[in-house]
Amino acid sequence: RAIALEWVDFDGIPKAKGAELRPTDHTQQHTYAGHVWRLVDDKTKAVLHYFVATKSPGKLIYKPGKNK
């Protein structure tokens, strides 16, 4: 299934960033420490995972069913 990356703005409103991602895709996203991001199912719009950007560069690897 495809997922989408969304930034949650300071009013709590999600903003789509980039294209849908398929299981073998990857992307890079520049952000600032403390920004909240979420992954959503591109079809159903169900939230799959939330995360907060840290001060240090990092990597998020999302594996469905293993990030609860």
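**Close-up views of a predicted model**

**View 1. Salt bridge between Lys45 and Asp42.** In this predicted model, Lys45 pairs with Asp42 in a salt bridge whose closest N and O atoms are 3.7 Å apart. Asp42 is partly exposed, at a relative accessible area of 24%.

**View 2. Salt bridge between Lys15 and Asp9.** The side chains of Lys15 and Asp9 meet with an N to O distance of 3.8 Å. Asp9 has a relative accessibility of 13% and counts as buried, because the cut-off for buried is under 20%. Lys15, with a relative accessible area of 35%, is partly exposed.

**View 3. Salt bridge between Arg22 and Glu20.** Here the N to O distance is 2.6 Å between the two side chains. Both partners are partly exposed: the relative accessible area is 44% for Arg22 and 34% for Glu20.

**View 4. The largest pocket.** This pocket has a volume of about 1,100 Å³. It is lined by 30 residues, of which Thr27, Phe51, Gly58, Lys59 and Leu60 are the closest to its centre. Three strands, β1 (3-8), β3 (36-41) and β4 (47-52), each give two or more residues to the lining.

**View 5. Residue classes in the lining of the largest pocket.** Sorted by class, the lining holds 16 nonpolar residues, nine polar residues and five charged residues.

Terms used
Residues are numbered from 1 along each chain as its sequence is written. This is a predicted model: local features need pLDDT of at least 70, side-chain atom pairs count only at pLDDT 80 or more; totals for chains, interfaces and linings use all residues. Side-chain values use heavy atoms; hydrogens and water are left out. A salt bridge is a side-chain nitrogen of Lys or Arg within 4 Å of a carboxyl oxygen of Asp or Glu. Buried means under 20% relative accessible area, exposed over 50%, partly exposed in between (1.4 Å probe, protein chains only). On a 1 Å grid over the protein atoms alone, a cavity is a set of points where a 1.4 Å probe fits but cannot get out, and a pocket is an open set with protein on both sides within 12 Å along at least five of seven lines; lining residues have an atom within 4 Å of a point. Grid points are joined across faces, edges and corners, and a volume is the space filled by probe spheres set on the points. Helices (H or I, at least four residues) and strands (E, at least two) are DSSP runs, numbered from the N terminus. Ala, Val, Leu, Ile, Met, Phe, Trp, Tyr, Cys and Pro count as nonpolar, Asp, Glu, Lys and Arg as charged, and the others, Gly among them, as polar.
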